[in-house]
Amino acid sequence: MRQRKARDRSLATLLAGIALLLPPIALLFDVRGTLFGLPATLLYLFFVWAALIVMARLLAPKLRGPDRP
Amino acid sequence: MISVDLLLTVCIAYVALLFGIAFIVDRRTRAGRLRWLSSPVIYTLSISVYCTSWTFYGAVGSAARNGLEFITIYLGPTLVFVGWWWLLRKLVRIGRANRITSIADLISSRYGKSSSLAVLATLIAVIATTPYIALQLQSVTLSYQVIAGEADRITTAFWVALGMAAFAILFGTRNVDANERHHGVVAAIAVEAVVKLIALIAVGVFVIWGVAGGLDAVFADVPMEMIYGGADIFGPRWVALMFLSATAIICLPRQFQVTVVENIDERHLATASWLFPLYLFLMTLFIAPIAIVGLKLMPLGANPDLYVLTLPLAEGRSELALLAFLGGFSSATSMVIVAAIAVSTMVSNHIVMPIALNVISGASQVSGDLRRLLLVSRRFSIGLVLALGFLYFSLTGGTDALSAIGLIAFLGVAQFLPSLLGGLFWRGATRAGALAGMIAGILLWAYTLFLPSFGGDLILSASAIANGPWGIAALRPHALLGLDGVDPLVHALVVSLGANAGLFLVVSVLTEASPLERLQVAQFVDVFSARSDDAPAIAFGAAAAEDLFILAQRILGAEPARALFDDMARAQGERSGLPRPTEAVIGQLERVLAGSVGAASAHAMVGRVAEQRLVGMTELIDIADEAQRLIETTRQLSEKSAELEATALQLTQANERLRVLDAQKDEFLSQVSHELRTPMTSIRSFTEILLSEPSLASEERQRFVGIINEESQRLTRLLDEILEVSRLEAGALALPVGAVALEGAVRAACNTVSALAQAEHVKLIIEPMAQLTGVEVQANEDRLRQALINLLGNAIKYNRADAPEIAVRATRRGDTVMIDVIDNGGGVKRPEAEKIFEKFARGGAAGDVRGAGLGLPISLAIMRAMGGDLTVEFLPGGASYFRLHLAIYRADARAE
């Protein structure tokens, strides 16, 4: 049960990652400006990337299954 | 400045260190002490062989030339690993379950272990790896040139290639592992992964805070075009690069090697799913700042691919430059080692060995010989791969951007993708489809991207690249069929992969899979379906025992199954729990179950649970046979049971008849004794009177003696009749039959009773029987007359009519003659008709006791003994008469 939920979340994470990193959604962030002194688009890409890593980190123990007997 | 000697010394020392690590790890592996070496972190670090010198040098160059798009090369693999559950897990499971040794092996296994596919996939891998190897040679050569000054480029590259080949041979082919795992190499790669990460981060930190003076300063006053590259970054090229990098992390031979083949625990993937993207994230973090600072500070003509190395040098930090060189060297060597191992495995397994085995077949095949042959072919293959890489480098001149070369390789290996994914998820994919797709894909790749990369030096001339061969514009490699204005990479991707996937689909749909292919389909597509999804391969033993127990419970019942499994667990020396599913346990269970469901079914069921084995055609046939036998047996059983039922019914009926007969016998005996008792009583009482009364008058005495005499005669007659009826019924009284003239017999009987009839004032009429004159019946004349007299006598005696009248009528129907005795007294009543033939039964109308009641039974017995019958016929109105049936006499037939 717990694993199925995690599985669904991992699929949702994957699909969200694909959607956010590709056009047309990514085009919304093609902003030629800076944020905190950094290029906004670069910041956006690294932010999505970091979010994906955090999600994968959270889901990994649940998806990995029980420890070796 | 760094001296060349120092550089070479550091490099050799570094290689020696790596070699030492590999050596120690291999020794520990053989001793069975892997421990932390088999951790998921090592696994993840080995996957980061993805980051080659393309990443280390080329990514900065790519960022400087094309802006942000360098990041796609790392976002694609990130998505694949974040979604590991959906693809990588299946790939690793299949690889482990089928002991897959390379991507060519996987594809050929999936499509029925096809050798032609294996050769094709190997060739694609070799060709596609060539530019990638060249890329590493180029980066090491260029970085060496930066430090050592303007040495001859080709010569340097040659020595680099030679050194790398020696290095790869030393690492990759020291021994041959049965499952192609190289723990030592993996450990060395992990160390290299750490070195290159530290080197890049060190350079990045130095450039940002040491050179530019902070992150803000890096991006201050930078034209946006410098950061973003072209007009729209999220265009077709962005999508294409994301797709290509995601494909490469699966299809690159070396990635397949470290991710699938070297995987020792499926669950390591879970850790790699976030740790590998994190590694990529850290590698990429400093690339954009380094590129921007390099663009700002370095002279206009400087190669941006080398900023990582030239920036520290320009700032006079030679130790950092040395670290950067070592990082780049690490990236290149790790890639070359793994790629060489992966590709040489394919070449030796799928090309060299089949040929060699064909050649030496017949000669004695000692295992040592084969082993040496394998090693030699691997070493030869590594040499070949590096030679091809060097050739590519020298042909292209080593001037292209690193990432452009890498992308050519990416699209080359991407030709595996349709067949690979189709093979994993689509049952309909066939060998012919995979062959057609891959051939078309690789040819179009070569035409649109690979050959043009030589700039006119190989096969395609420069003018053919620009204007199409023979000037045909529709055949221009960068604009096939007039597909103008598209980025060459995107164009090549769409054309080659489009044709590949399209042909793969169409040909697969049009062709049939061979039986072996179908067998493999189940092992690939359904690799998870039989077992529960969350049971990893490690826990398989426990899961199988539990499944076996459930199976046994279903077939044997809960208690017997529990007892059986307890016994088996005890036999294995375990106090409680389920037995380990060893061969013996499975065999025993199979035999026990075979007793319930038949051997073939038991074998198939237990096999399915225990080994996830496929139910083969022969087993299916066996099951069908067994089922057929079962049906046959059932049919026979039901027949037998029907027979038994019939027999039982007959027995019941016979028993019923016997009980009736027994009751009749008892009744008969009691009636006989009753009948005998009456005359006996009167004889005794008159005898006693005569004895006790001597003074009786003589007339009186005379009368009494007369009564005694009369009663004695009656007694005798009674006994005679009883004797006769029982003899007739038992068939003991043989009746000689012959031809009897019917008319004569009837008249004689009538004459006999005529005196009695006159005495009783009964009128006896014999109806004329003209048609029966001369007819003879089959009978015994005396007995026939007796039966007739009996019937006539009854009719005379019991006739209660006012004007009693008896008619005798004879008729013929076919071969039967019927003699009716009809009286106008009404005959017997219907309810009496059945009882009238019983012994001692008297008609209800018979008031007196002159007859013993044996007349009709005797007559019936006589008639039947002569082959005739005696029946009671009813007239409308309720009156009845007796009818005798007799057969017409025929000379040849004799009645019983």
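The buried residues of helix α2 (residues 40–47) of chain B are covered by elements of chain B that include α4, α5 (88–97), α9 (183–212), α13 (253–261) and α14 (268–285), where contact means heavy atoms within 4.5 Å, and where helices (H or I, at least four residues) and strands (E, at least two) are DSSP runs numbered from the N terminus. Six of the eight residues of α2(B) are buried, so this helix is largely enclosed by the rest of the structure; buried means under 20% relative accessible area, exposed over 50%, and partly exposed in between, with a 1.4 Å probe and protein chains only. The buried residues are Ile42(B), Tyr43(B), Thr44(B), Leu45(B), Ser46(B) and Ile47(B).

This is a predicted model, in which local features need pLDDT of at least 70 and side-chain atom pairs count only at pLDDT 80 or more, while totals for chains, interfaces and linings use all residues. Residues are numbered from 1 along each chain as its sequence is written, chains are lettered from A and ligands numbered from 1 in the order in which they are written, and side-chain values use heavy atoms, with hydrogens and water left out.

The secondary structure of chain B comes to 34 helices and seven strands, and of its 896 residues 51% count as buried. Among the contacts in chain B with a separation of 6 or more, 78% join residues 24 or more positions apart. Chain A has two helices and two strands, which follow the pattern α-β-β-α along the sequence, and buried residues make up 39% of its 69 residues. For contacts in chain A between residues at least 6 apart in sequence, the share that joins residues at least 24 apart is 59%.

How do the two chains meet through helices? The axes of helix α2 (residues 40–64) of chain A and helix α4 (residues 72–82) of chain B come within 10 Å and cross at roughly 25°, the axes being lines fitted to C-alpha atoms over the stretch in contact, with angles from 0 to 180 degrees between N-to-C directions. That angle makes α2(A) roughly parallel to α4(B), since angles under 35 degrees count as roughly parallel, over 145 as roughly antiparallel, 65 to 115 as roughly perpendicular and the rest as oblique. The contact is made by Leu45(A), Trp49(A), Leu52(A) and Ala56(A) of α2(A), and by Tyr74(B), Leu75(B), Thr78(B), Leu79(B) and Val82(B) of α4(B).

Elsewhere in chain B, the loop between α22 (462–467) and α23 (488–510) holds His478(B), which is partly exposed, with a relative accessible area of 28%. Leaving aside neighbours within four places in sequence, His478(B) is in contact with Thr448(B), Pro452(B), Ile465(B), Leu483(B), Pro488(B) and His491(B); the C-alpha atoms of His478(B) and Pro452(B), 26 residues apart along the chain, are separated by 8.5 Å. Trp470(B) also lies in the loop between α22 and α23, counts as exposed at 78% relative accessibility, and has a phi near 55°, a positive value in a residue other than glycine.

Another backbone feature belongs to chain A, where the peptide bond from Pro23(A) to Pro24(A) is cis, with omega near 10°, and Pro24(A) is placed in the loop between α1 (2–21) and β1 (34–35).
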